[in-house]
Amino acid sequence: MLEIKNLHARIGDKEILKGIDLTIGKGEVHAVMGPNGAGKSTLSAVLTGRPDYEVTEGTITFMGRNLLEMSPEERSWAGIFLSFQYPVEIPGVSITAFMKAALAARRKAQGLPELKAGEFLKLQKEKMAALRMNPDFAKREVNVGFSGGEKKRNEIFQMAMLEPVLSILDETDSGLDVDALKIVADGVNALRTPERSSIIITHYHKLLEYVQPDVVHVLKAGRIVTTGGRELIEAIESKGFDQF
Amino acid sequence: MGHGKYIDPICGESYKVAAGETLRLSYVILPGESRSIDVAVDLTGEGAALELTALYLSGADETVRIRTLVHHRVKNCHSRQLIKGIAGGSADVRFDGVIVVAPGADGTEALQENHNIILSDTAKVETLPQLEIYADDVKCSHGATVGRLGEEELFYMRSRGIPEKEAKVLQMLSFISPVVPEGREEEIAAALTKL
């Protein structure tokens with residue numbers, strides 16, 4: 001599904017990714033772990049097409065397409081979703097209006113007719129209920145005055161609405177208490193099908209107790225230094241990242 | 001005028017607000033017109049209040065002038081002014097806002113905010129807030145900014161599949177939402193696309 005080859009990327013004149021190779025197959029959950037400053041967030045930024053990050057070398061192929069030639073919205077339409085580490089506030093725009101615009105744009109790009117208002121609201125209600133969110137949440141302005149946990153839950157709600165093929169969770173577990181973490185994990189697991197894949201970026205192991213990855217990578221100083229199974233999580237927990 | 005160097009509006013509006021009353025003023029300038037708003041408000045009775053909002057959406061070679069003079073003459077008057085707008089094209093916008101707090105007008109609360117977004121290198125926005133305070137027990141604040149549409153918000157929306165152009169419109173709607181009068185949302189949303 002996703003193939004990253006020799007990816008080098010920089011912001012300004014600082015090179016952050018120094019040759020990443022990563023292949024993710026259909027239905028797989030990959031964890032990318034690493035200390036602060038390893039380049040984890042840069043990887044998610046480059047995958048989603050954030051401006052300011054420049055790819056200087058390497059390729060990214062997503063479902064047979066050259067991802068690096070696609071705009072952020074095109075990547076979303078193709079099924080990529082990023083749960084932001086720091087979700088952005090959009091005053092004056094309700095969650096309903098925001099999701100309506102997002103869904104309508106994607107359906108249009110896919111050549112599908114727009115959902116009827118009733119259908120949209122029903123879908124939204126279902127997804128909110130599954131994440132145990134108060135329906136009044138839909139009326140609130142996007143992320144304005146939300147607690148850390150509410151922001152992350154809102155990200156997972158948007159993910160559930162957009163049903164991405166590849167979900168990237170960037171430090172979604174940071175700042176969550178155990179209850180919120182479980183809800184987020186349930187949301188991620190609900191999307192776990194043989195067709196969908198996820199990348200979970202984290203420097204904790206907490207979320208990975210609830211969402212068990214198939215493959216674990218350790219990212220350090222812009223390179224993947226080790227790849228393995230779940231046993232790596234335990235090794236990191238007991239001995240940290242210095243061993244790699 | 002007892003204080004300040006502000007010159008009385010020549011062909012503007014002026015209001016006196018009596019004790020315990022609240023004056024609400026709301027202005028909208030849409031693309032396609034050059035306009036001056038010139039308004040003076042005298043808070044003359046104790047506990048008088050002013051709530052003022054103004055919105056401009058200006059493009060092409062339009063000129064917009066907004067001048068407000070709010071005079072707190074007696075105790076315990078409140079005023080809140082929020083002026084927001086978006087300038088594109090070669091629009092030329094200027095805001096002058098003067099708040100005068102007279103001697104003895106203790107308990108005054110005066111708030112003035114002027115925030116502007118420019119969409120092009122050729123648009124020009126000047127903002128000149130002024131406070132003249134002659135009383136002691138006063139809460140006054142003013143803020144003025146001129147900026148561009150935020151990259152973070154734009155990327156957030158695009159990452160959800162909202163196309164860039166539409167995302168910018170949503171972002172502009174978000175920015176102006178506090179000064180959009182009730183019932184005019186659709187008209188103003190449509191006007192935004194003309195910038």
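Predicted model: local features only at pLDDT ≥ 70, side-chain atom pairs only at ≥ 80, totals over all residues.
1. Helix H3 of chain A. This helix covers residues 95-109 of chain A. Its 15 residues should span 21 Å at 1.5 Å a residue, and the end C-alpha atoms of H3(A) are 21 Å apart, so the two values agree. The buried residues in H3(A) are A:Ile95, A:Phe98, A:Met99, A:Ala101, A:Ala102, A:Leu103, A:Ala105 and A:Arg106. Within chain A, these buried residues pack against helix H2 (72-78), strand S7 (90-94), H4, S8 and H5. They also pack against H2 of chain B. Just after H3(A) comes A:Gly111, with a positive phi of about 75°.

2. H3 against H5 in chain A. Helix H5 of chain A runs over residues 148-162, and its axis comes within 11 Å of that of H3(A). The two axes cross at roughly 35°, and the crossing is right-handed. On the H3(A) side the contact involves A:Ile95, A:Met99, A:Ala102, A:Leu103 and A:Arg106. They meet A:Asn154, A:Gln158, A:Met161 and A:Leu162 of H5(A). By class, the residues of this contact are six nonpolar, two polar and one charged. A:Arg106 belongs to the contact and is also listed among the buried residues of H3(A).

3. H4 against H5 in chain A. Helix H4 (residues 117-130) of chain A has an axis that comes within 10 Å of that of H5(A), with a crossing angle of roughly 135°. H4(A) and H5(A) are therefore oblique to each other. The crossing of this pair is right-handed. H4(A) contributes A:Leu123, A:Gln124, A:Lys127, A:Met128 and A:Ala130, while H5(A) contributes A:Phe157, A:Ala160 and A:Met161. The residues of the contact comprise six nonpolar, one polar and one charged. A:Met161 takes part here and also in the contact of H5(A) with H3(A).

4. H5 against H6 in chain A. The axes of H5(A) and H6(A) come within 10 Å and cross at roughly 10°, which means that H5(A) is roughly parallel to H6(A). From H5(A), the residues in contact are A:Gly149, A:Lys152, A:Arg153, A:Ile156, A:Met159 and A:Ala160. Their partners in H6(A) are A:Ala180, A:Ile183, A:Val184 and A:Gly187. This contact divides into six nonpolar, two polar and two charged residues.

5. Helix H6 of chain A. H6(A) consists of 13 residues, 178-190. The distance from its first C-alpha to its last is 18 Å, close to the 18 Å expected at 1.5 Å a residue. A:Leu181, A:Ile183, A:Val184, A:Ala185, A:Gly187 and A:Val188 are its buried residues. They pack against H5, strand S9 (166-170), strand S10 (197-202) and helix H7 (206-210) of chain A.

6. A:Asn143 has a positive phi of about 65° although it is not a glycine. This residue lies in the loop between strand S8 (141-142) and H5 of chain A. A:Asn143 counts as buried because it has 21 C-beta neighbours inside 10 Å. A:Glu163, likewise not a glycine, has a positive phi near 40°. Its place is the loop between H5 and S9 of chain A. With 15 other C-beta atoms within 10 Å, A:Glu163 is partly exposed.

7. The contact of chains A and B. Contact between the chains involves 17 residues of chain B and 20 residues of chain A. On the chain B side, helix H1 (151-159) and helix H2 (164-176) each supply at least two residues. H1(B) gives the largest share of that side, seven residues. The chain B residues that touch chain A divide into six nonpolar, four polar and seven charged.

8. A:B aside, one residue within chain B. B:Ala191 sits in helix H3 (residues 185-192) of chain B and is partly exposed, with 18 other C-beta atoms within 10 Å. Neighbours within four places in sequence aside, B:Ala191 is in contact with B:Leu30, B:Pro31 and B:Leu57.

Notes
Residues numbered from 1 in each chain as written. Chains lettered and ligands numbered in written order. Axes fitted to C-alpha atoms, helices over the stretch in contact; angles between N-to-C directions. Helix = DSSP H or I, 4+ residues; strand = E, 2+ residues; numbered from the N terminus. Left-handed = near helix turned anticlockwise from the far one by under 90°. Contact = placed C-beta atoms within 7 Å. Nonpolar A, V, L, I, M, F, W, Y, C, P; charged D, E, K, R; others polar. Expected span 1.5 Å × (residues − 1). Buried ≥ 20, exposed ≤ 12 C-beta atoms within 10 Å, placed from the backbone. Parallel < 35°, antiparallel > 145°, perpendicular 65-115°, else oblique.
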